[in-house]
Amino acid sequence: IDGILGIRATWNGLVIDPNIPEQWKKVKVKRFFRGRLYKITINNKGQRYQLFVNGKEIEGKEITHERGKEPVIVEVNI
C-alpha cells in the first residue's frame, strides 16, 4: 500500500500519492486508520492530481485524520 498505491500514514493523517501503472484505470482500497475506515478510489484519468474527501476537494495530498465512526469517502483523480 505504501509503494505503488502511495497510501501512507503520517503523524497528522494519511498521504495519498499513487504511482499506479497506466493500464490500471481504477483502484479501490479499504484502509483502517486509527480506528476509522477510509474507502479510497483512485481514478487514473491522466489529468492533474485532485483529492476529494467526503465530496469536498482539498488542497495537497494529505488527509488530516479526524475522530469519528462514519467511513471517510476518498476519491483521487490522477
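Trainee: Does Arg 48 count as buried or exposed?

Mentor: The model is predicted, so local features need pLDDT of at least 70, side-chain atom pairs count only at pLDDT 80 or more, and totals for chains, interfaces and linings use all residues. Buried means under 20% relative accessible area, exposed over 50% and partly exposed in between, with a 1.4 Å probe and protein chains only. At 55% relative accessibility, Arg 48 therefore counts as exposed.

Trainee: With which residue does Arg 48 form a salt bridge?

Mentor: A salt bridge here is a side-chain nitrogen of Lys or Arg within 4 Å of a carboxyl oxygen of Asp or Glu. The closest N and O atoms of the pair are 3.9 Å apart, and the partner is partly exposed, with a relative accessibility of 40%. The residue that Arg 48 meets in this way is Glu 57.

Trainee: How many residues apart are Asp 17 and Lys 61?

Mentor: Strands (E, at least two residues) and helices (H or I, at least four) are DSSP runs, numbered from the N terminus. Asp 17 sits in the loop between strand E2 (13-16) and strand E3 (26-33), whereas Lys 61 sits in the loop between strand E6 (56-58) and strand E7 (62-64). The pair thus links distant parts of the chain, the separation being 44 residues.

Trainee: How many bridges join E4 to strand E8?

Mentor: Two strands pair if DSSP finds at least two bridges between them. E4 runs antiparallel to E3, to which it is joined by 8 bridges, with Lys 30 standing opposite Lys 39 in E4. On E8 (residues 72-77), which runs parallel to E4, Val 72 stands opposite Tyr 38. The number of bridges between E4 and E8 is 6.

Trainee: How many of the 8 residues of E4 are buried?

Mentor: E4 spans residues 36-43, and it pairs with E3 and with E8. The strand is largely enclosed by the rest of the structure, because the buried residues among its 8 number 7.

Methods. Residues numbered from 1 in each chain as written. Heavy atoms only, no water.
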